[in-house]
Amino acid sequence: MEYPSRLIEEAVNQIAKLPGIGKKTALRLVLHLIKGKEIQTYALTDSLNNLRANIKFCSRCHTICDGDTCSICASHRRDRGMICVVEDVKDVMAIENTAQYTGLYHVLGGIISPVSGIGPADLKIESLVQRLSPGQGSEPVREVILALSPTMEGDTTAFYINRRIKDLDLRISVIARGVPVGGDLEYADEITLGRSITGRTLFN
């Protein structure tokens with residue numbers, strides 16, 4: 001594809017690096033920004049710069065937040081005896097949209113994937129183990145829900161976590177397989193995901 005300007009080509013190449021966006025879509029977005037008001041483009045770039053400069057992660061569950069602790073961990077209305085372990089922040093958002101879960105979360109920041117060079121040490125597994133250890137939390141955790149995508153990597157991660165915490169005095173469960181095997185949580189509809197949470201089973 002030939003571009004009338006090197007500046008347009010550079011912008012298209014950068015936007016096309018985003019997931020799910022090809023060169024044609026990137027070009028439409030760039031042309032939209034050029035045709036639109038200048039203040040709108042600056043508002044977008046300022047927002048992105050502010051995002052990169054000031055975004056924080058909860059010191060307890062590792063989800064994205066504005067301060068040291070996220071609103072879920074800080075809420076007194078949440079069931080502090082339940083921790084739902086998820087791969088990424090988008091999974092927290094997906095489960096929250098079901099309105100079926102009232103406990104806390106723990107974001108791993110990924111899943112074990114030898115092909116991608118991601119091992120247990122690259123994830124927030126150790127902080128989860130510390131969080132579950134007696135005397136670490138303000139209230140004892142009675143159940144850990146492994147809400148990982150039902151893929152080979154997700155199952156590998158679940159088995160590893162189960163092995164690390166199985167000797168602790170708590171219940172370990174997995175979400176019911178209402179989510180299609182091989183699929184990702186973010187693409188599941190809210191009803192299916194909600195039933196998966198409420199119909200979770202013991203991990204064994």
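## Salt bridges across the chain

In this predicted model, Arg-142 is partly exposed, because its relative accessibility of 47% falls between the limits of 20% and 50%. Arg-142 forms a salt bridge with Asp-79, and the closest N and O atoms of the two are 2.4 Å apart. Since Arg-142 lies in the loop between helix H6 (125-132) and strand E5 (143-146), while Asp-79 belongs to strand E3 (residues 79-86), the pair ties together parts that are 63 residues apart in sequence. Asp-79 is also partly exposed, with a relative accessible area of 21%.

Another salt bridge joins Arg-164 and Glu-126, whose closest N and O atoms are 2.5 Å apart. This pair links distant parts of the chain, with Arg-164 in helix H7 (residues 152-165) and Glu-126 in helix H6, 38 residues apart.

The side chains of Arg-6 and Glu-10 meet in a salt bridge at 2.8 Å, N to O, and both residues lie in helix H1 (residues 6-15), four residues apart, which is about one turn of the helix. Arg-6 is exposed at 57% relative accessible area, whereas Glu-10 is partly exposed at 38%. A search of the whole structure finds six salt bridges.

## Surface patch and domains

Leu-44, Leu-48 and Leu-51 make a nonpolar surface patch of about 260 Å²; of these, Leu-48 is placed in helix H3 (residues 38-54).

The protein is divided into domain 1 (6-54) and domain 2 (64-174), and their C-alpha centres lie 34 Å apart.

## Confidence

The protein averages a pLDDT of 90, and 96% of the residues score at least 70.

How values were computed
Residues numbered from 1 in each chain as written. Predicted model: local features only at pLDDT ≥ 70, side-chain atom pairs only at ≥ 80, totals over all residues. Heavy atoms only, no water. pLDDT = per-residue confidence, 0-100. Patch = residues over 30% accessible without salt bridge, like charges linked within 9 Å, V, L, I, M, F, W, Y side chains within 5 Å. Areas by Shrake-Rupley, 256 points an atom, 1.4 Å probe, with all protein chains shown as cover. Salt bridge = Lys/Arg side-chain N within 4 Å of Asp/Glu carboxyl O. Helix = DSSP H or I, 4+ residues; strand = E, 2+ residues; numbered from the N terminus. Domains from an automatic or database assignment. Buried < 20%, exposed > 50% of the residue type's maximum accessible area, 1.4 Å probe, protein only.
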